[in-house]
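This briefing covers contacts between aromatic rings, and between charged side chains and rings. The entry under discussion comes first.

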Amino acid sequence: MINKNSILITSLGRTGTEFFAKFFQDILPDCVSLHEPDIFELQSLKIPNYRDRLINAGIWRLVVLKLLGKWSLVKISDERFFGRIDGEKAAQFLVKQRESFISERPGSIYVESNIGYYGLLDVTPLAFKNHKAVLIVRDGRDWVRSAINWGEIYGKKGIRKYFSHTWPSAEKVPGDALASSWNQASEFQKACWAWANLNAYAIKTMQQNPAARMYKFEDIFKGPDRYDYLNDLVRFTTALPGIDPASLKKTDGWLDQKIHPSSNQFPAWQEWTAQQKNQFDEICGPLMSRLNYHY
């Protein structure tokens, strides 16, 4: 198993994962906090981003193993989502990918903010001796808009289509309502499908792990009690052996920042067409209602 105290933050992206990596690095002494160390971004030329990932992961992991498909947590999550591997096998792959990597990092606490854990929240207890995990879920209307504006879900173009993560699709899920028409579905419908189905799977796995908890993006970043929720998240995630709550820095001011915003090209829900609103209701409505998102 992975012996170092670990804090795992996951979501489908567009939920402040980069924020949490920087946040924990600042407030939590003696930790290393990384944002998606196994993901080599291709959407734009970001030299500092590439440099940091190469320093943290090394050329062997990030270039050689990555290109061979042997160093990608999100690939394991996708395999779990499709039912191609069971929990025991997923845990073995997880330990193989992360055990030496985490042990090599300095500090007594490892923090990783990564979409790759979305389908592994039920198997992390088999891989980590002491850990806490958090799933961040965002209002489907805002997530779909942000995901489309970001362009990294089902709208990849050029080289990104071949070298970056290929998100799960309904055509590979027998009996899914969009399976037979997936190739004709719009990018909007596909993003709706991803939000509803991948979040539902992540929530199901999270509920099997007593060391995992879900938080809403809006409660932490937008609500009037946002610092109460943020501080609750900190208390939950740092309830690990050897961590003294008194050693943590204050969280004041952190929620006044905006990290990794997307463009505003695709409109907000109020400006969607009647067809788009109906498609969203049909695909995302059940989970939106279950999570008490009212609209």
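**Charges over rings**

In this predicted model, Lys216 places its charged end over the ring of Tyr293, at 4.4 Å from the ring centre. The aromatic pairs are set out below.

**Aromatic pairs**

- The count of aromatic pairs comes to 20, where a pair needs ring centres within 6.5 Å.
- Phe81 and Trp193 form an edge-to-face pair, because their planes stand at 85 degrees, and the cut-off for this class is over 60; their ring centres are 6.1 Å apart.
- This pair joins distant parts of the chain, with Phe81 in helix α3 (residues 73-81) and Trp193 in helix α8 (residues 187-206), 112 residues apart.
- Phe81 has a relative accessible area of 16% and is therefore buried, the limit being under 20%.
- Trp193 is buried as well, at 2% relative accessibility.

**A pair involving helix α8 and a loop**

- Phe188 and Trp272 have ring centres 4.9 Å apart and planes at 85 degrees, so this pair is edge-to-face.
- Phe188 belongs to helix α8, whereas Trp272 lies in the loop between α10 (226-237) and α11 (274-290); the two are 84 residues apart, and the pair links distant parts of the chain.
- Phe188 is buried at 5% relative accessibility, and Trp272 is buried at 4%.

**Ring cluster**

- Phe19, Phe20, Phe23, Phe24, Phe217, Phe221 and Trp254 are linked into a cluster by ring pairs.

Key: Residues numbered from 1 in each chain as written. Predicted model: local features only at pLDDT ≥ 70, side-chain atom pairs only at ≥ 80, totals over all residues. Heavy atoms only, no water. Phe/Tyr/Trp six-rings, centres within 6.5 Å; stacked < 30°, edge-to-face > 60°. Helix = DSSP H or I, 4+ residues; strand = E, 2+ residues; numbered from the N terminus. Buried < 20%, exposed > 50% of the residue type's maximum accessible area, 1.4 Å probe, protein only. Lys NZ or Arg CZ within 6 Å of the ring centre and 35° of its normal.
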